[in-house]
Amino acid sequence: MQAWQVHENGEPSEVMRLQDVERPTPGDGQVLLKVRAANINFPDVLMARGHYQVRPPLPFTPGVEICAETEDGRRVIATPALPYGGFAEYAVADAAALLPAPDALDDAEAAALHIGYQTGWFGLHRRARLEAGETLLVHAAAGGVGSAAVQLGKAAGATVIGVVGGADKAAVARELGCDVVVDRRSEDVVSAVKDATGGRGADVIYDPVGGEAYTQSTKVVAFEGRIVVVGFASGTIPNPGLNHALVKNYSILGLHWGLYNTKNPKLVQHCHEQLTDLAARGVVKPLVSERVPLDGAAAAVQRVADGVTTGRVVVVPASENGAAA
């Protein structure tokens, strides 16, 4: 089979190589899956660079989120068991963690429903306890993680402010349903958010960016507001001033969604049921901006690394008849 492999750490476009390799052999409790679509996530970038908290042994195949087909023909969503990731024709996953792919979504959409939407659901509902009528601010609102949070925030009855970088991304954020869009390249984020909220600020802030975005969050978080820290796409990890959190009466909440798979897997199943229902009702639908063939995976991962994409970019291996699945 064909699979992308990382033999040394560095930029994805430089260290990912498409190779002919043997199909992986599942271990105890694992299954072999035929990949129908593999969504690109920022952790794929970080793993290629050697900067992620999970460091699979070299060489490894990236791709942490897939829609795939089991040997008995079931269509499932899975997080592959590294080093046998999803940017390949076949991957391996833990049998107990397979989830049914929603009928309402095609393969690429289904592949993109899992990590970003689970992270959004846990961040907004489990950690921040977002309530209808509250104001939610989402950084990088047109990106993969941000776009999921926007849709989930609207589904929860929140007023959503999306912060983006550039006019094209602002247009995407509006299409996603943001009530207010702030272009950080042409507007002062702090002033714009304060103007939009009558000086009150946002009740919940969803931050997959870190760096300057986190600093802005501390200036616009409302009384008893909650800042949910879900990642550091900027490459800069903030050092929060706890004295500031104290005097402004806000909470800083960390979210590492992957921990729920081991700490409380029943909640992951419950969340998937909620997401499947929302997808069936058309309330959420992953924004898939690009579907690329397997041989375009490295370039696509690099585009995600460079921050020039919107929504989700999904790798779709060729089907047996040579057409895109």
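**Notebook: a predicted model, residue by residue**

I looked up glutamine 5 and found that, leaving out residues up to four places away in sequence, it touches Val15, Met16, Arg17, Gln19, Val21, Pro59, Phe60 and Thr61; contact means heavy atoms within 4.5 Å. Glutamine 5 is part of strand β1 (residues 2-6). I number helices (H or I, at least four residues) and strands (E, at least two) from the N terminus, as DSSP runs. Glutamine 5 counts as buried because its relative accessibility is 15%; buried is under 20% relative accessible area, exposed is over 50%, and partly exposed is in between (1.4 Å probe, protein chains only).

Notes on the model: it is predicted, so local features need pLDDT of at least 70 and side-chain atom pairs count only at pLDDT 80 or more, while totals for chains, interfaces and linings use all residues. Residues are numbered from 1 along each chain as its sequence is written, and side-chain values use heavy atoms, with hydrogens and water left out.

**Whole protein**

I found twelve helices and 15 strands. The radius of gyration is 19 Å, close to the 20 Å that the globule rule gives for 325 residues, so the protein is as compact as a globular protein of that length. This radius is taken over C-alpha atoms, and the rule is 2.2 Å times the number of residues to the power 0.38. The C-alpha atoms fill a box of roughly 60 × 40 × 35 Å along the principal axes. Of the 325 residues, 54% are buried. I also looked at contacts between residues at least 6 apart in sequence: 65% of them join residues at least 24 apart.

**Strand β11 and its neighbours**

Is strand β11 (residues 202-207) enclosed or open? Six of its six residues are buried, so the rest of the structure largely encloses it. Strand β8 (residues 135-139) runs parallel to β11, joined by three bridges; two strands pair if DSSP finds at least two bridges between them. Leucine 136 has valine 204 in β11 as its bridge partner. With strand β12 (residues 221-229), β11 pairs in the parallel sense over five bridges. Here isoleucine 205 stands opposite isoleucine 227 in β12.

From β11 the chain passes through helix α8 (residues 212-220) to β12, a right-handed β-α-β crossover. Right-handed means that, with the strands pointing away from the viewer, the path from the first strand over the helix to the second runs clockwise. The buried residues of α8 are Ala213, Tyr214, Gln216, Ser217, Thr218 and Val220. Their cover includes β8, β11 and β12.

**Aromatic rings**

I found two aromatic pairs. The ring centres of tryptophan 121 and phenylalanine 122 are 5.3 Å apart with planes at 80 degrees, so this pair is edge-to-face. Phenylalanine 122 and tyrosine 260 form a tilted pair, 4.2 Å centre to centre with 35 degrees between the planes. The cut-offs: rings of Phe, Tyr and Trp (its six-membered ring) pair if their centres lie within 6.5 Å, and planes under 30 degrees apart count as stacked, over 60 as edge-to-face and the rest as tilted. Phenylalanine 122 is in helix α4 (residues 115-127) and tyrosine 260 in helix α10 (residues 260-263), so their pair ties together parts 138 residues apart in sequence. Phenylalanine 122 is buried at 0% relative accessibility, and tyrosine 260 is buried at 15%.
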